[in-house]
Structure formats: C-alpha cells, structure tokens
Amino acid sequence: MDPAIELRGLTRRFGERAALKNVTVAVPPGATLAVLGRNGAGKSTLLRILATLLRPHAGEVSVLGQSLPRQAHAVRPKVGLLSHEPLLYRDLSGRENLRYHAQLHRVAPERVEQLLEAVGMGHRADDPVRSLSRGLVQRVAVCRAVLHDPEVLLLDEPRANLDPAAVELIEPLIGRGNGHTRVLTSHDPRSALDDADLVLGLSDGMAAFVQSPGEVTSEQLRELYE
Amino acid sequence: MRPVLAVLRKDLRLELRTFETLPAMVLFSVSTFVIFHFALARSTISGQLAAGVLTVTLLFAALLGSGRLFVAEREQGGFDAFLLAPVDRTSLLLAKAAAMFLFLAVLEVVAVPAFALLLLGPSLGPRLPGLIAVLALADLALAVIGTLVSAIAIHTRARDMISPIIGLPLLLPALIATARAAAVVLAPHAAGTPPGRWLLILALYDVVFALLSYAVFDFLLED
C-alpha cells in the first residue's frame, strides 16, 4: 500500500539556518506519526510544509499521492491543520469564524452546528473569540481543523490548554481510530508514544530516529530533549 | 465568487465590530480639510487648487486605510487559514479591493460634503454627478493599488513605510488624471462635466493595474 505521507530527504531553510535537514519518513494510510523534539527542532515547520503553507527547499514530499508543492491545490481540501495559533479572528464569534471557513471549504452550515455541539461550545458559540478562555478557543480551533472532514490531520500540540473533559470531547474528532492519517507533535513524549504508530525524533532539524513507539528507549528520549 | 463574498462579508463584519479603519480615514480627511481651511487663509477655493486638495487628501486617507487591510490576516492567522482553503488565491485580492472600494465610497459620502462646506467655492450640487464619476474611477485605482501594495508591505518589517514608498509612484498617473478631471468639474462657472480624455485615462489605468494585480497576487502569497 502506498504511504499516505512520504518525505524523502526533506530540507527547509530559513535564511542560513536549516529548520529541517534531509528528513525521510513514510506514514501508512490511517496511521499516526508522532513528531518529538525540543522547541525549535523543526516540528511545526514539518507540519506547515505538509499543510502546503511552506515550500520544501530540497527533497520530495508527497501527501496522499500528490507531490508538494506542485499539487498543493489537490492536497489542500484533504488536510486539516491544528496549529499553535488558532487561526481564528478574535473579534468574530466562534460560530462566525466557523461559518466563514465553511464557506471557503464549501461545507454546509449544519456541519458547523454539529461540531459546536460536539465540542460543547453550543452555549458560547456567539461570544467573540477574544472573550473565550484558551481552552475554549482550542475547542473552536479543533472544529475549524476538521470542518471539511480532511483525510490527513496535522496536529500541533492538539491537547494544549484543554482540561481532561475537553480532551474527551475532542477525541472523537481528532483522536486515533477514526480513519484519519495523523501527524502530531507533542512536548509530552509519553502521551505521544501512546497515541502513535510511528515516532520521528527531530534534533536540530535532523531525524534522530524513526521507529515504532515500542522501540523508542528512555535513553533516546533523554538525548532528544537534552 | 463564493470565496470573494465570504472574505468581503467577513471584512465588513470585522470593520463594523471594531471600527478600526473607516473612522480613522474619515477623521483624517475632515481634519485635513479644516487644516487647509485655515492654512490657505482663503474662504473658498475652486478649480485646480480645489481638485488638488481633494485628491491629495483622499489619497492619504486611502493609504491610511490600505495599511490596515491585511492586519487581521497577519496578526490573527487569517492568511494561513485562507491559504489552507481550496480556493483561488486571487479571491483575496478581489475581496480586499472591494472592501477598500466600499470604505472609500463611505469615506467620500462624509468627506466630500465636508470639503464643500469648509473649502469649496462653487456650489457642489450641479457638479456632484461629474465628481462622482471621477471619484469612482479614482477609488478603483486606489483600491487596487492599495490592496496590492498592502499585500506586499504586510510581509515586511517596515510595512508602514513600504506602502507610501511603493504606492505613491504607482498611483501618480491616476492622481494626475483625477486632479485634472476634478479641476474641470470644480472650476467656477463650469458645467460640471468631467473631460472624457482624463476619464478614459483613469479607466485605462484601472483596467491595466487590475489585470496586473490579478496576475501577480498569487505570487505575493507564496512562501
């Protein structure tokens, strides 16, 4: 079976600094890749490249069989990005933000209401985003990321700012076992290992290891975060 | 057209909720007319001088507004969210230019009567249709160039300086045509009909720069 995501020698620079250097990994369809590493290791850059927001400077990247950046237009409807920033307008309500994105993605307004109910935001959906707590903003951001029912989910610290009850609410949308191919980053390696089928350890933009969660040793994790 | 309308509706809703752009443009224009009223030490102006004062004031008010066009996109992740959507990227240009055009139209609803009250010698009434024709074409130029320049500037650190530095030279032909056409309209004892030659130049400028902006806008959004 062809991989859903394939990176071969991916390199991305910002000026002189290489954020990603020669990264190679393949993620099977429906699998979850956990990307671990310190701050600045290149995790978010990797997600932004897969989301078509950044161009690779060298190497090959393909998502669902489409090569990036050449076929980015074909990839965009199939990926959902939950990034550090919620990508929501602060002066619009959660419902207004989601309806705006629904129009851009040609999604029926009913889907917005379903998602708001699913994440327990029905009663605060008309409040401006700037008046919501970070946890509630994160719930709306999750709705935005899955609004168009993407095949690939790119999740940057998806549980950040969420209490256990909220994590349970968003789990059916972005959790494991719903058929999505997922790439997720986390600063909590233990929970990421529990959630993953494959682990990519990034150190200064380079792949320190690519292996299954069961093979990752405490020593490797310690070296990664030292 | 659906993404254009979606972005335009969102921008107008944001402006109605925050009032960050339009009131500043109106206040700037009216204040400038008051300053001219006292600085020129003349009770009324007409013809070329009146056209110059009106055109330059509206130009700087437009630059003020265009500087805010992409601020929410940049500061609140609107660019990324838009780029993630499977839509033609030039719909962002069309929506922003349309928003800018509407802001300018609303500005002029307030600023032109204020200009007539504070400075203009000849009566505005019979000259209004001609002036509206000139300003509509000028607004189109300001909206297109303002959006283009703002999209370039927003990615730079010195964005407050980039807009006027790039925008003013690009707008020069349109400003000359606007001022010349408006001078005829605002001349004393004139019929108030704008000269066709200058209107044609303005219309041509609008078409050329609209097509040019459409062609290059996609590249401006590229990483």
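Biologist: In which loop of chain A does A:Asn161 lie?

Modeller: This is a predicted model, so the reading applies to computed coordinates. A:Asn161 lies in the loop between β7 and α6 (164-174) of chain A.

Biologist: What is phi of A:Asn161?

Modeller: Phi is near 70°, a positive value in a residue other than glycine.

Biologist: How many other C-beta atoms lie within 10 Å of A:Asn161?

Modeller: The count is 15. A residue is called buried at 20 or more and exposed at 12 or fewer, so A:Asn161 is partly exposed.

Biologist: Where is A:Asp149 found, and what is its phi?

Modeller: A:Asp149 is in the loop between α5 (134-146) and β7 (152-156) of chain A. Its phi is near 50°, again positive in a residue other than glycine. With 13 other C-beta atoms within 10 Å, A:Asp149 is partly exposed.

Biologist: Which residues of chain A does a cis peptide bond join?

Modeller: The bond joins A:Leu68 and A:Pro69, and omega is about 5°. A:Pro69 sits in the loop between β5 (66-68) and α2 (72-75) of chain A.

Biologist: Now the interface. How is its size often given?

Modeller: It is often given as the accessible area lost when the parts come together.

Biologist: What radius of gyration does chain B have, and what would a compact globule have?

Modeller: The general idea is to set the value against that of a compact globule with the chain's number of residues. For 223 residues the globule would have a radius of gyration near 17 Å; chain B has 18 Å, which agrees. The C-alpha trace of chain B spans about 55 × 35 × 30 Å along its principal axes.

Biologist: What percentage of the residues in chain B are buried?

Modeller: Buried residues are 47% of the 223. As for contacts in chain B with a separation of 6 or more, 86% come from residues 24 or more positions apart.

Technical notes: Residues numbered from 1 in each chain as written. Chains lettered and ligands numbered in written order. Predicted model: local features only at pLDDT ≥ 70, side-chain atom pairs only at ≥ 80, totals over all residues. Rg over C-alpha atoms; globule rule 2.2 N^0.38 Å. Contact = placed C-beta atoms within 7 Å. Helix = DSSP H or I, 4+ residues; strand = E, 2+ residues; numbered from the N terminus.
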